[in-house]
Amino acid sequence: MYLTLSSFGNGIKREAWNLKNILPECIMLWAARALLTAALLMFFSAQGAVAAHKILAVQGMEARPYTQAYEGFRGGAGT
Amino acid sequence: MKDSGGVLGPDAEIVRLVLSDLSGVGPQEYIRNEEPDLVLAIGMDALETVENIKGLPIVYVMILDGAGRFSDRENITGVSMVVEPEKQLEIICRAFPDSERIGLLYDPGQSGEIVRRIQEAASGKNTSLVARKVYSPENVPAAFMLIRDEIDVFWMLPDLTVVGPETVRSMFLLAMEAGRPVVSFSEKYVELGALMSIGVDPYDMGRQAGRMAEKILAGKQVASISGRDATKAVITVNTRIAEKLGIVINEKILGRARSIEQVR
């Protein structure tokens, strides 16, 4: 009985010692994983925001100047 | 018609709606169903159709004096169908270097702000403005008669009180009688008897509007982007009228102008 309890106690001590040694590495791994997940989420949400933009170009009728203005609008950004 | 490219790169979707082609569904219902992030209104019909849809950023183009009419609307901005008056004055002064007196007729309710800007720009030049107010189209010929002997050039503004089929005809006749050149805002009037027009370039106005849309979709408040005038001027000259009036236009201006020889 004594031997059993003693070995159990030793086992607990050994596990605690192991845990103490590996804990900082675990925390670092979890933090790195969380950071990577956040960065990926931000990247893909930014991509999604650009792709989601929808513009409705409304013109009263087909007329050359209106169509030219529309064509200019399409080429307007980033210039 | 669906399209992509231009504004915010190839992933942006641009849906084009021509109101006269729409059948079966009301335009406002169609626009709501499309759930756009921004509407480009091309022309007054389009703007009148969309202007009351709440919460929708709207950029207009091909609208006369949009900046004045929609300055109090927080969700509307765009490019007016008029070349910056300061730039027009510069072109007129360069085209007719010997002409010191420029005449204008205007309805203060319509063109007061434009005339104020012209007066401000003229104050720094060797040019005097003879600006006369008119309040109804019937008064235009008489008002023109009063100023025509005091001016060297008449500058016809896009003022709906001053410019109509009858008033334009009488102004051109009276100007021709007195040997005064008319500078207009549209090529159409150069074909009818004006000596020169300083008009807009629809493609370039569209580009200006595209840059505004890009800023709005990037998160800038519409209210912080004020309405602008067209920055690019397209000059057209009627060479036959120039010959008739014996007027020599500055060569640099003539070099960048489109020439029209006929008079309708």
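Tutor: Two strands are said to pair if DSSP finds at least two bridges between them; strands (E, at least two residues) and helices (H or I, at least four) are DSSP runs numbered from the N terminus.

Student: Which residue stands opposite A:Ile55?

Tutor: B:Leu38, in β3(B), stands opposite A:Ile55. Five bridges join β1(A) to β3 of chain B (residues 38-42), and the two strands run parallel.

Student: What kind of model is this, and how are residues and chains labelled?

Tutor: This is a predicted model, in which local features need pLDDT of at least 70, side-chain atom pairs count only at pLDDT 80 or more, and totals for chains, interfaces and linings use all residues. Residues are numbered from 1 along each chain as its sequence is written, chains are lettered from A and ligands numbered from 1 in the order in which they are written, and side-chain values use heavy atoms, leaving out hydrogens and water.

Student: How many residues are in contact between chain A and chain B?

Tutor: In chain A, 28 residues are in contact (heavy atoms within 4.5 Å) with 45 residues of chain B.

Student: And how much area do they bury?

Tutor: Chains A and B bury about 3500 Å² between them, 61% of it on carbon and sulfur atoms. Buried area is the accessible area (1.4 Å probe) lost by two parts on being put together, summed over both.

Student: How many salt bridges cross the interface of chain A and chain B?

Tutor: The rule, a side-chain nitrogen of Lys or Arg within 4 Å of a carboxyl oxygen of Asp or Glu, finds two. One salt bridge joins the side chains of A:Lys54 and B:Glu34 (2.7 Å, N to O).

Student: Which elements of chain A give two or more residues to the side touching chain B?

Tutor: They are α1 (2-52), β1 (54-59) and α2 (64-74). The largest share, ten residues, comes from α2(A).
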